[in-house]
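Trainee: I would like to learn how to read the features of a model. Could we take them one by one?

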Amino acid sequence: MTYEKEKQAFLNFLQEQNYYKQNLQLLQWDSHTQIPIQGYEQRAEVIGYFSEKLHQLQSSEQMKYYSDYFIDQSKDALLQNLAYECQNIYDSATKIPSSLAKAYAMQISKAEAAWEVARNESNYAQFKPALQKMIQLTQAKADCLGDGKNRYDALLQQWEPGMTTQTLDQLFPKLRSALIDLLAKVNHSQIIVDEQLITQHFPSAQQKAICLQLLTNIGFDHTAGRLDTSEHPFTFGLHARDVRITTRYDETDFRQSIFGVLHEGGHALYEQSFGKDIQNTPLAEASSMGLHESQALLWENWIGRSEEFWSANEALFKKHAPASFQTITANELYTALHRVQPSLIRVDADEITYSLHIMLRYEIEKLLLNDELSVDDLPAVWNEKTQAYLGITPPNDRDGVLQDIHWASGYFGYFPTYTLGFMYAAQIFQTLEREIDIRSLIANNQLTTIHDWLTPRLYQSGKSKLPLQLLEELTNETLRPEYLINYLTEKYQTIYQFK
Ligand code: ZN
C-alpha cells in the first residue's frame with residue numbers, strides 16, 4: 001500500500017475507536033443525568049459491551065502495525081505523535097492479561113458496593129476485605145504496567161504521563177511545610193471571616209441564570225456544549241463540539257453552583273479547544289489529569305475567587321440575587337469567600353488545606369502499594385496524619401478513611417494530580433500576569449482574551465505533548481511549588497492580616 005493509503009486507513013481506524021469512545025461517553029453522561037432508575041442494569045451491560053469492543057481494537061494487531069509503521073515515518077509530526085500515543089494505548093491494553101483485567105473490573109464493582117455500605121454505616125471493617133483485594137490486584141496491575149519497576153510510578157503514568165514519585169517527593173514536602181506554616185498563621189489571626197453573609201437563601205433558578213452568563217463570559221460555547229444538573233459535578237467531552245458539564249444547586253449556598261460551574265467550565269474550555277487536526281483521534285484529550293485540573297482551578301480560584309472578578313461581576317450577581325444580598329459590597333463578598341478552616345472532608349477544603357488532604361493520601365497509597373502499611377492499620381495512620389497536617393482527628397471512619405470512593409474504583413495514583421493542578425495553575429497564572437496583565441482583563445470582564453491566549457499555547461495540542469513539556473514552553477520554567485506558596489501567602493496575609 002502507498003503511504004497515502006496507509007495514512008487514510010490509519011485515520012479511519014482511529015476514527016472508529018473514537019466513535020466507540022464518544023458513544024461510551026454519551027451513555028455515561030446519560031447515566032448520570034437522565035436515566036430512569038430501572039434503566040441502570042441494562043445500561044451497565046451496554047457500557048460493558050462497547051468497552052470490550054473498544055478494548056479489542058486497542059489491543060489488536062492492526063493497532064500494533066500502524067503504531068510501528070508511523071513511528072518510523074518521520075515526515076509527518078502529527079502522524080508520528082498519533083503513532084506514539086497508539087503505542088501507549090496498545091501497551092497498556094496488552095500488558096495486563098485479560099484474566100487480570102476482568103478480575104480487576106469485577107473487584108471494582110464489589111469494592112464500590114462494599115464502600116458504599118461501609119461509608120453509610122461508618123464502619124471500616126465492612127470495606128476492609130474488599131480494599132485488601134483491590135490493593136493486591138492493583139499491585140499485580142502495576143507490576144504488569146511498569147515491568148516490575150516502581151509500582152507507584154507505573155500507576156501515576158496513567159493519569160500524569162512523565163511524572164515520577166521522585167519529582168513528587170521533591171515538590172510535596174516543600175509545599176507541605178509551607179501550607180502548615182500558613183495554616184498556623186491563619187489560625188493565630190484575630191480576623192474572623194464570616195460566611196453567614198453568603199449562606200442566605202438563594203433560589204436555584206436565579207443561581208442558574210448567573211451560571212449561564214458566567215459560562216458565556218469565560219468563552220464557553222453554548223452551541224458546542226450544555227449545562228445540566230447532577231449530584232456530583234463533572235465534565236464529559238464527547239468531542240470538541242459537544243462538551244457536557246453539570247453542577248448542583250444548594251439554595252443555602254450559592255458557591256456550590258457558581259464555583260462548580262467555573263470549575264467545570266474551565267475543564268470544558270480545554271475540551272472545546274482541541275485543534276481540528278487532532279479531533280476524532282486519541283490525541284483529543286488533555287495532556288494529563290493534572291493539567292486538566294489546573295484549568296478548572298485557574299477559572300474557579302485564580303480568576304473566579306479574585307477581587308477583580310467580584311468587582312466586575314457585582315452587578316450581574318445582584319441582578320439575580322435575592323433582596324438579602326443587595327446591601328453586601330463586592331469586597332465583603334470577596335472576603336466571605338475566603339474563610340480558611342481545617343475540615344475533615346477533602347471536597348469541602350479551602351485553597352490552603354486542600355493539598356494537605358492530598359499529600360496524606362499520596363503518602364498512604366505509596367505505603368499500601370509497597371506493603372509497608374497493612375489495611376488493619378490504615379484508619380489509625382489516616383487519623384494520625386490528619387491530626388499532624390490539619391490539627392484535627394476524624395471522630396469516625398465516615399469522615400476519615402471512608403470519605404473518598406477513589407480506592408474502591410481503582411484510582412490509585414490519581415490523588416497527586418489534584419495538587420499538581422494547583423501548582424500548574426499558580427505557575428501559569430504568574431505567566432498570565434506577566435504576559436497579558438490578566439488582572440486588568442478580569443477587572444474589565446475581558447475573559448475571552450485569556451481563553452484566546454491559552455488556546456494555541458496549551459489547549460489545542462491535546463495529548464501531543466507531555467504536561468511538563470507544555471508547562472515549560474508556556475512559563476519558561478520547570479515546575480516549582482513557590483508560585484503556589486506565594487499566591488496563597490499574598491492572598492491570605494491580606495485577608496487575615498498577618499506578616
Ligand atoms: Zn476538576
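Mentor: Start with the second largest pocket: its lining residues divide into seven nonpolar, eight polar and seven charged. Here Ala, Val, Leu, Ile, Met, Phe, Trp, Tyr, Cys and Pro count as nonpolar, Asp, Glu, Lys and Arg as charged, and the others, Gly among them, as polar. A word on the source: this is a predicted model, where local features need pLDDT of at least 70, side-chain atom pairs count only at pLDDT 80 or more, and totals for chains, interfaces and linings use all residues. Residues are numbered from 1 along each chain as its sequence is written, and side-chain values use heavy atoms, with hydrogens and water left out.

Trainee: Which residues lie nearest the centre of the second largest pocket?

Mentor: First, the term: on a 1 Å grid over the protein atoms alone, a pocket is an open set of points where a 1.4 Å probe fits, with protein on both sides within 12 Å along at least five of seven lines, and lining residues have an atom within 4 Å of a point. In this case 22 residues line the pocket, and Tyr334, Arg439, Tyr487, Glu490 and Lys491 lie nearest its centre. Two or more lining residues come from each of helix H11 (289–303), helix H12 (307–312), helix H14 (330–336), helix H17 (416–436) and helix H21 (482–496). Helices (H or I, at least four residues) and strands (E, at least two) are DSSP runs, numbered from the N terminus. H21 gives the largest share of the lining, seven residues.

Trainee: How much space lies in the second largest pocket?

Mentor: About 440 Å³. That volume is the space filled by probe spheres set on the grid points, which are joined across faces, edges and corners.

Trainee: Which residues of H2 are buried?

Mentor: Buried means under 20% relative accessible area, exposed over 50%, partly exposed in between (1.4 Å probe, protein chains only). In H2, the buried residues are Arg43, Ile47, Leu54, Leu57 and Gln58. Down the axis of H2 they fall within an arc of 95°, so they line one face of the helix. The arc is that of the directions from the helix axis to the C-beta atoms. An α-helix has 3.6 residues a turn, so residues three or four places apart point the same way. Turned away from the buried side of H2 are the exposed Glu41, Gln42, Glu45 and Glu52.

Trainee: What do the buried residues of H2 pack against?

Mentor: Contact means heavy atoms within 4.5 Å. The partners here are helix H1 (3–33), helix H3 (61–72) and helix H4 (77–95).

Trainee: Is glycine 421 buried or exposed?

Mentor: Buried, at a relative accessible area of 0%. Glycine 421 sits in helix H17. Its C-alpha is 4.0 Å from that of serine 294, 127 residues away along the chain. Not counting residues up to four places away in sequence, glycine 421 touches Gly290, Glu293, Ser294 and Leu297.

Trainee: Where does arginine 339 lie?

Mentor: In the loop between H14 and H15. At 32% relative accessibility, arginine 339 counts as partly exposed. Leaving aside neighbours within four places in sequence, arginine 339 contacts Val193, Glu195, Asp350 and Tyr496.
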